[in-house]
Amino acid sequence: RGGTALTQGIRRRLGARGMDVSVATGENAMAAVAPAWRSVEKAGGAATPFQTLAMAERSAEVHPRHGETPPIVVVCDGGRPAVIFPTVVGRWNGIPTVRFLGDPLIQYGDVIAAPDTAPALLEAGWRAATHSSGAWLIHLCKVRADARLAPLLERHARAVAHYEAPFVDVRQPPVVSAR
């Protein structure tokens, strides 16, 4: 089964701006969005290998086995796919929760959008992903500071934890402790 789940109010507001937003859900969601995903990916929209269509298709096979449903938002501008917001709805401590499609397997999470995508299109994808799922909580992990979604999260979300990758300068001699 597949379908779209946007309120008429959201559709009216976005349609007035020349945007078309749809949400593919169910077991055929990936097949429904694959042509749009390929188009955005070819335009430089997949900033990391974890955002490619191939990775998303593998992830979409696993989530339903865990009772999770992938709603995938597609934002078009003038009929051209511009933003893909890949999410999955599952439960966290019994609460319906939106996460990135592929979480926890993906190293980084973000939207798929060409580097020159207008902020209004990203905003439309955010609104659709957060308002059409029926979830009570949004838990987006592993978002890099340079992610396309990062400015939206700064405005609309609250960080509850920050993680940074440790590094060691191997060119320097090791510091040996007396312990």
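Mentor: We'll go through the aromatic pairs, then the cavity, then the backbone. This is a predicted model, where local features need pLDDT of at least 70, side-chain atom pairs count only at pLDDT 80 or more, and totals for chains, interfaces and linings use all residues. Residues are numbered from 1 along each chain as its sequence is written, and side-chain values use heavy atoms, with hydrogens and water left out.

Trainee: How many aromatic pairs does the structure hold?

Mentor: Rings of Phe, Tyr and Trp (its six-membered ring) pair if their centres lie within 6.5 Å; planes under 30 degrees apart are stacked, over 60 edge-to-face, and the rest tilted. The structure holds two such pairs. Phe-50 and Tyr-108 make an edge-to-face pair, because their planes stand at 75°, with the centres 6.3 Å apart. Phe-85 and Trp-126 form a tilted pair, at 45° between the planes and 6.4 Å centre to centre.

Trainee: Are Phe-85 and Trp-126 buried or exposed?

Mentor: Buried means under 20% relative accessible area, exposed over 50%, and partly exposed in between (1.4 Å probe, protein chains only). Both Phe-85 and Trp-126 are buried. Phe-50, at 29%, is partly exposed, and Tyr-108 is partly exposed too, at 30%.

Trainee: What lies over the face of Tyr-108?

Mentor: A charge sits over a ring if NZ of Lys or CZ of Arg is within 6 Å of the ring centre and within 35 degrees of the ring normal. Here Arg-144 lies over Tyr-108, at 4.9 Å from the ring centre.

Trainee: And the cavity: which residues lie nearest the centre of the largest one?

Mentor: Rolling a probe the size of a water molecule over the atoms shows where empty space is left. On a 1 Å grid over the protein atoms alone, a cavity is a set of points where a 1.4 Å probe fits but cannot get out, and lining residues have an atom within 4 Å of a point. The largest cavity is lined by 13 residues, and Phe-50, Gln-51, Pro-86, Leu-101 and Ile-106 lie nearest its centre.

Trainee: Which peptide bond is cis, and where is phi positive in Asn-93 and Lys-142?

Mentor: Most residues other than glycine have a negative phi, and most peptide bonds are trans. In this model, a cis bond joins Asp-103 and Pro-104, with omega about 15°. Asn-93 has a positive phi of about 50° and counts as exposed, at 65% relative accessibility. Lys-142 has a positive phi near 60° and is partly exposed, at 39%.

Note on methods
1 Å grid on protein atoms, 1.4 Å probe; cavity = no way out; pocket = protein on both sides within 12 Å on 5 of 7 lines; lining within 4 Å.
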